[in-house]
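Hi,

Here is the structure I said I would pass on. Have a look, and my notes follow below.

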Amino acid sequence: MVPVGLGSRLADVPVAILVGNRPGKTLLVTGGTDGDEYAGMEAAYALIHRFQDGNFAGKLIVIPVLNVPGFEAECSQNPIDARFPKMVFPGKADGTATERLMHWLVSGYANHADAWMDLHGGAITEGVAPFLWAFESGVSETDATTRNFVRASHAETVVLERVGMLSKAGALARKGCAYLIAESGDRGCRADEDVERHLSWAVALMGVLGMVDAESKTPPVTQNVLRRAAI
């Protein structure tokens, strides 16, 4: 548990840093960015247990519950300042509670990773079909990682969005980090199939990064790749 100063209080954020038995790349996986999306949190803990023996290459950083105040309050946003961590980037060391939380995450972990997968799903009041949300920013290495992961994931629905260099994904790409959002689970549930889907996607990304051997799967007949999402 890592104490993170949020201005008015400290939040004890769970962080697992697993070092593989051989050199390799670094993957950051976060769950609970929205505090009431539980399938991703469950999958993040399952990922820790799966690789705690260090039988992989590189470094795996897993933060199962990022938005601890939101988790405690059973809501998506951070109740301290009513802001959504997923909408705040890159944060500020002396800003609001959520800005401080995201500054801690981005400066301490995301800026030093080769890829960041943020695990999401439908909140308590949301019904969401599973999909991956990935980004192309014009940075060749991270764009290649993104495209390779989209193929390796075998996700039936993918949003592969082109973004500018000033976007969150673009800024991370300039640091060498491919940013990906995974959506699996809805209405605050943590069904086994949704947890397993998140876990499968995280392991597929590890395969793309060369951290583990790529798993052999039968892909779906078609992969529905969309170019834009509207919220």
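**Helix packing and the sheet**

H1 and H6 are oblique to each other, a label for angles that are not under 35 degrees (roughly parallel), over 145 (roughly antiparallel) or 65 to 115 (roughly perpendicular). The axes of H1 (residues 38–51) and H6 (residues 192–208) cross at roughly 50° and come within 8 Å; axes are lines fitted to C-alpha atoms, for helices over the stretch in contact, with angles from 0 to 180 degrees between N-to-C directions. On the H1 side the contact (heavy atoms within 4.5 Å) is made by Ala39, Gly40, Glu42, Ala43, Ala46, Leu47, Arg50 and Phe51, and on the H6 side by Asp194, Val195, His198, Leu199, Ala202, Val203 and Met206. Those residues split into ten nonpolar, two polar and three charged, where Ala, Val, Leu, Ile, Met, Phe, Trp, Tyr, Cys and Pro count as nonpolar, Asp, Glu, Lys and Arg as charged, and the others, Gly among them, as polar.

Before you go further: this is a predicted model, in which local features need pLDDT of at least 70 and side-chain atom pairs count only at pLDDT 80 or more, while totals for chains, interfaces and linings use all residues. Residues are numbered from 1 along each chain as its sequence is written, and side-chain values use heavy atoms, with hydrogens and water left out.

H6 also meets H4 (residues 140–153): their axes come within 9 Å and cross at roughly 130°, so this pair is oblique too. Thr145, Asn148, Phe149, Ala152 and Ser153 of H4 touch Trp201, Ala204, Leu205 and Val208 of H6. This contact has six nonpolar, three polar and no charged residues.

Now the sheet. Eight strands make an open, mixed sheet in the order S3-S5-S4-S6-S9-S7-S8-S10; helices (H or I, at least four residues) and strands (E, at least two) are DSSP runs numbered from the N terminus, and two strands pair if DSSP finds at least two bridges between them. S3 (16–19) and S10 (224–226) are the edges, each with a single partner strand, so one side of each has no neighbour in the sheet. S8 (residues 157–162) pairs with S10 in the parallel sense over three bridges, and Val159 has Leu226 as its bridge partner in S10.

As for how the helices sit on the sheet, H1 lies across S3, S4, S5 and S6, at about 145° to S5 (57–63). H6 lies across S4, S5, S6, S7 and S9, running at about 175° to S6.
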